[in-house]
Amino acid sequence: MKTYLVGGAVRDELLGRPIKERDYVVVGSTIAEMNKLGYQQVGSDFPVFLHPVSKDEHALARTERKSGQGYTGFICDFGPQTTLEEDLLRRDLTVNAIAKDTDGTLIDPFGGQQDITNRVLRHVSAAFSEDPLRVLRVARFAARYQDYGFTIADETWQLMKRMVIEGELQTLTKERIWLEIEKTLDDRGFGHFLSTIATLGALANVAPYIPKWNNSIHEQYQAALTQFKGDKTQDQLAQFCLALHFSGTSIAQLADAKSLKVPNNYIESTKELLLNLPKIEKKNKKPDDWLEILQNLDAWRRPEKLTRFCYICSKVSDNLQALCDKLRLNFLATSNIDVQQIIHEGYQGKEIQAQLKQRRLKAIQN
């Protein structure tokens, strides 16, 4: 039984990047032996175990055979006879097909180290085309390592294009597509991801709610991203919302996003931006305009929506930052108006809302 560090941990170590998680492949072992040694089995499709102390994932070396459509249509074969090289052969990119022995020796049968040096993302074998999810993964890796100058090898690019043309991406589930998008949002690489997908002609398969993506849109988007200083959740929402804003997504197109498994908070945040951005940018606004924005955001009941909207707007331009500061001041000025006091004064029915609006308008400053 031999254990090797594999995949992303080896790749990122060679790049000098922090290692987020460590995955291992085990050669020459069996399920029974792993259980006997105290590993906890968690894999259902193929044997994956958690180390009894570190909880790092350890998978038995395996091979894969295509058995159907899509990224799930595979039969996995494993056993003590499966070699390390056979396991590495099934992986997507050469940079992900490097293993490290416990003594530090690197096992690199497919030239991954050279591709890391040359900053190239290259597929390991023709089996790459059997898994359409790998098109999205390569786009995500290209985005993640944009600052390192990685490019996609021409032969890999041509293979990805052929997979798109042949409709392979249509076999991907909506949930799995969103998971890849979420991962690239986590890497702050959504714009670069979209550029790759759009150039491949796969935007309609991956994000049909984004009508277009070109160099001009990408440049605007990336300029906005340089100002991101918020927490991860805010930044992920802002990346998504601003991509749709700069690409010209309409409210109608946004409605399709829910059926594509985009989470509600992303849809809600984007709708707020698309609906209220033209209103806050309007010249010569009157108190009615400020009030309408606050009402659209349901700011008095859900002030966190106002905070979210202003955070996203602040990334578009300094002018919008100043306008949002004024919006916050008008929110504070209208927050102390007490509905119960209006009722206590004897107003009833529709008169209550009319008085509330009137008093809020009076409190708002242009």
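Two strands pair if DSSP finds at least two bridges between them. Helices (H or I, at least four residues) and strands (E, at least two) are DSSP runs, numbered from the N terminus. The model shown is predicted: local features need pLDDT of at least 70, side-chain atom pairs count only at pLDDT 80 or more, and totals for chains, interfaces and linings use all residues. Residues are numbered from 1 along each chain as its sequence is written, and side-chain values use heavy atoms, with hydrogens and water left out.

**View 1. Strand β1 and its two partners.**
β1 and strand β8 (residues 99-100) pair in the antiparallel sense over 2 bridges. V6 stands opposite A99 in β8. Strand β2 (residues 23-27) also runs antiparallel to β1, joined by 5 bridges. Here T3 has V26 of β2 as its bridge partner. Buried means under 20% relative accessible area, exposed over 50%, and partly exposed in between (1.4 Å probe, protein chains only).

**View 2. The whole sheet.**
An open sheet is built from 7 strands. Their order is β3-β4-β5-β2-β1-β8-β9, and the pairing is mixed. At the edges stand β3 (40-41) and β9 (106-107). Each has a single partner strand, so one side of each is left without a neighbour in the sheet. Strands of a sheet pair through backbone hydrogen bonds, either parallel or antiparallel.

**View 3**
β2 and strand β5 (residues 57-60) pair in the parallel sense over 4 bridges. V26 has L60 of β5 as its bridge partner. Strand β4 (residues 48-50) runs antiparallel to β5, with 3 bridges joining them. L50 stands opposite E57 in β5. The hairpin of β4 and β5 has 6 residues between the strands. In this hairpin, K55 takes a positive phi near 70°.

**View 3. The second largest pocket.**
This pocket has a volume of about 270 Å³. It is lined by 13 residues, and the closest to its centre are R17, R144, D147, D187 and R188. The elements giving two or more residues to the lining are α5 (133-144) and α10 (215-225). By class, the lining has 3 nonpolar, 2 polar and 8 charged residues. Ala, Val, Leu, Ile, Met, Phe, Trp, Tyr, Cys and Pro count as nonpolar, Asp, Glu, Lys and Arg as charged, and the others, Gly among them, as polar. A pocket is an open set of points on a 1 Å grid over the protein atoms alone, where a 1.4 Å probe fits, with protein on both sides within 12 Å along at least five of seven lines; lining residues have an atom within 4 Å of a point. Grid points are joined across faces, edges and corners, and a volume is the space filled by probe spheres set on the points.

**View 4. Two loop residues with positive phi.**
R188 lies in the loop between α7 (174-186) and α8 (190-199). R188 has a positive phi of about 55° although it is not a glycine. Its relative accessible area is 39%, so R188 is partly exposed. R119 sits in the loop between α4 (112-118) and β10 (120-121). R119 is not a glycine either, yet has a positive phi of about 60°. With a relative accessible area of 25%, R119 is partly exposed.

A143 is found in helix α5. It counts as buried, at 1% relative accessibility. Beyond residues up to four places away in sequence, A143 touches T184, G189, H192 and F193. Contact means heavy atoms within 4.5 Å. E85 belongs to helix α3 (residues 84-89). At 48% relative accessibility, E85 is partly exposed. Leaving aside neighbours within four places in sequence, E85 is in contact with P109 and F110.

A disulfide is a pair of cysteine sulfur atoms within 2.5 Å. By this rule the count is 0 disulfides. The closest cysteine sulfur to that of C310 is in C324, 3.6 Å away, so it is too far for a bond. C313 is in no disulfide either; its nearest cysteine sulfur, that of C324, is 4.2 Å away. C310 is buried, with a relative accessible area of 0%. C313 also counts as buried, at 0% relative accessibility.
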